[in-house]
Amino acid sequence: MTPMLETADTTARVSRRGAPPTWLVVTLACAGQFLVVLDVSVVNVALPSMRTDLGLSGPGLQWVVNAYAIAFAGFMLFGGRAGDLYGRKRMFLAGLGLFTLASLGGGLAQEGWHLLAARAVQGLGAAVLAPSTLTILTAAVPEGPARARAIATWTAVGAGGGAAGGLVGGALVDGLSWRWVLLINVPVGVVVLLGSLLRLPESRAGDGRRLDLPGALLVTAGLATLAYGISQTEARGWTAAAALLPLAAGLTLIGLFLAVEARTAAPLMPLGLLRVRAVASANAAMFLCGSAMFSMWYFMTLYAQNVLGYSPLEAGFALVPSSLAVVLGSKLAPRFMAVTGERNLAALGTLVAAVGFGWQSAMSADGAYLTSIMIPGILMMLGAGLAATPLAALATSGAAPGEAGLVSGLVNTSRTMGGSLGLAVLSTVAASRSAGSDTPQALTQGYALAFRTGAAVLVAGALLMWLWLPRRTAANAGESGPA
């Protein structure tokens with residue numbers, strides 16, 4: 001760790017009075033992360049019912065997903081820094097409360113715009129909540145094998161939330177109504193909120209700094225505009241002005257943000273963080289891997305329903321082995337890290353996922369479940385679980401406690417933005433191959449090309465990890481300085 005970052009939080013304050021057991025802190029933090037990630041994907045199977053009930057247009061239906069994702073990505077760094085300065089528990093409670101109230105509003109929506117507004121507020125609450133989940137966890141568990149296991153649980157729960165979205169959404173829509181896709185968050189959110197209010201410890205950076213408002217506005221506007229541009233590429237194409245203008249504006253705003261941060265006495269994101277090898281390399285690797293792995297659930301669900309004729313609930317059940325595989329990989333990762341080190345395990349896990357993507361690209365229009373969904377899905381998600389835990393451990397080990405919330409925000413931002421960009425690119429790739437045809441054969445060819453492209457991205461990601469990630473091992477994880 002660099003001297004600058006070692007001294008960045010010399011006055012950190014942590015409330016120790018009546019400290020709860022570590023398992024309870026990890027459970028509450030992971031519950032918040034599960035809710036955040038679940039809502040990225042759970043609404044997908046409910047979209048047709050939402051359209052019928054609320055009279056949403058095609059573009060309006062797309063914004064049920066995009067309103068959440070854009071607000072989530074845009075406010076993530078803001079949420080992470082606010083947690084550092086004003087208290088991680090306070091921001092956890094504020095984000096979870098806002099998320100829960102917005103879920104109630106969305107579930108009771110009577111007009112299309114009510115639902116879209118509720119989804120945007122949900123995304124804002126998630127952006128405030130998500131960085132605090134990882135920061136609270138890492139603050140409660142000392143660095144080393146115990147923290148690696150805790151991060152593995154956080155990774156498994158987060159990945160499981162994304163994986164469970166189709167199954168949970170399908171069950172709720174078939175058994176109740178689309179409204180319960182959102183309303184289910186309310187009782188769960190209230191229980192987690194009460195438990196967190198009573199038992200979570202508070203921690204913050206006690207150096208008296210104020211929030212860098214210009215930086216917060218610039219990075220939030222930049223990320224949100226960039227996310228909006230990405231969302232437009234799928235419907236309009238990469239050469240359309242509706243996509244190019246917001247993409248250019250978003251990059252310009254992020255450039256202005258970096259310029260402001262370089263001249264601000266108390267920046268939202270100290271640029272020195274990007275000179276810490278563990279932080280920069282792990283976030284770059286997470287962005288690249290997320291761009292391929294996030295799309296897996298999307299294309300597998302479409303393949304199961306549009307080509308093989310599965311119902312939404314059947315498609316959710318078909319992906320249960322993949323969901324279990326990502327949890328297994330995340331839980332096994334700390335044991336392997338002790339032997340291979342973080343860098344080697346991250347690269348190995350990414351290559352395992354690449355093999356799964358390559359296998360999946362051989363899909364056919366009449367494929368059997370075992371060879372066309374289950375086995376390649378298990379390989380893809382087992383690799384994802386093995387890679388995500390060491391990457392998160394490296395990213396959070398490279399900064400001082402006073403920057404923990406910000407680094408957690410970076411981790412979530414890298415994964416979210418990588419997933420959004422990757423899904424837009426791979427959707428365009430698939431659409432170009434199917435050439436507008438919706439026959440099972442044409443759709444299969446498009447999905448197959450998307451998986452082949454994803455496999456190439458993952459191989460490139462494994463190479464990047466091998467060359468750039470620091471040579472750290474779990475045995476010397478407590479040592480400072482980049483390797």
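Student: Which residues lie nearest the centre of the second largest pocket, and how many residues line this pocket?

Tutor: The second largest pocket has a lining of 23 residues, with Leu274, Phe287, Leu410, Thr413 and Ser414 nearest its centre. A pocket here is an open set of points on a 1 Å grid over the protein atoms alone, with protein on both sides within 12 Å along at least five of seven lines, and lining residues have an atom within 4 Å of a point. This is a predicted model, in which local features need pLDDT of at least 70, side-chain atom pairs count only at pLDDT 80 or more, and totals for chains, interfaces and linings use all residues. Residues are numbered from 1 along each chain as its sequence is written, and side-chain values use heavy atoms, leaving out hydrogens and water.

Student: Which classes of residue form the lining of the second largest pocket?

Tutor: Ala, Val, Leu, Ile, Met, Phe, Trp, Tyr, Cys and Pro count as nonpolar, Asp, Glu, Lys and Arg as charged, and the others, Gly among them, as polar. In this lining, 20 residues are nonpolar, three are polar and none is charged.

Student: Is Gln305 buried, partly exposed or exposed?

Tutor: Buried means under 20% relative accessible area, exposed over 50%, and partly exposed in between (1.4 Å probe, protein chains only). Gln305 is partly exposed, because its relative accessible area is 25%. Of the 483 residues in the protein chain, 56% are buried.

Student: Which residues does Gln305 touch, not counting residues up to four places away in sequence?

Tutor: Contact means heavy atoms within 4.5 Å. Gln305 touches Tyr310, Ser311, Pro312 and Ala315, with residues up to four places away in sequence not counted.

Conventions. On a 1 Å grid over the protein atoms alone, a cavity is a set of points where a 1.4 Å probe fits but cannot get out, and a pocket is an open set with protein on both sides within 12 Å along at least five of seven lines; lining residues have an atom within 4 Å of a point.
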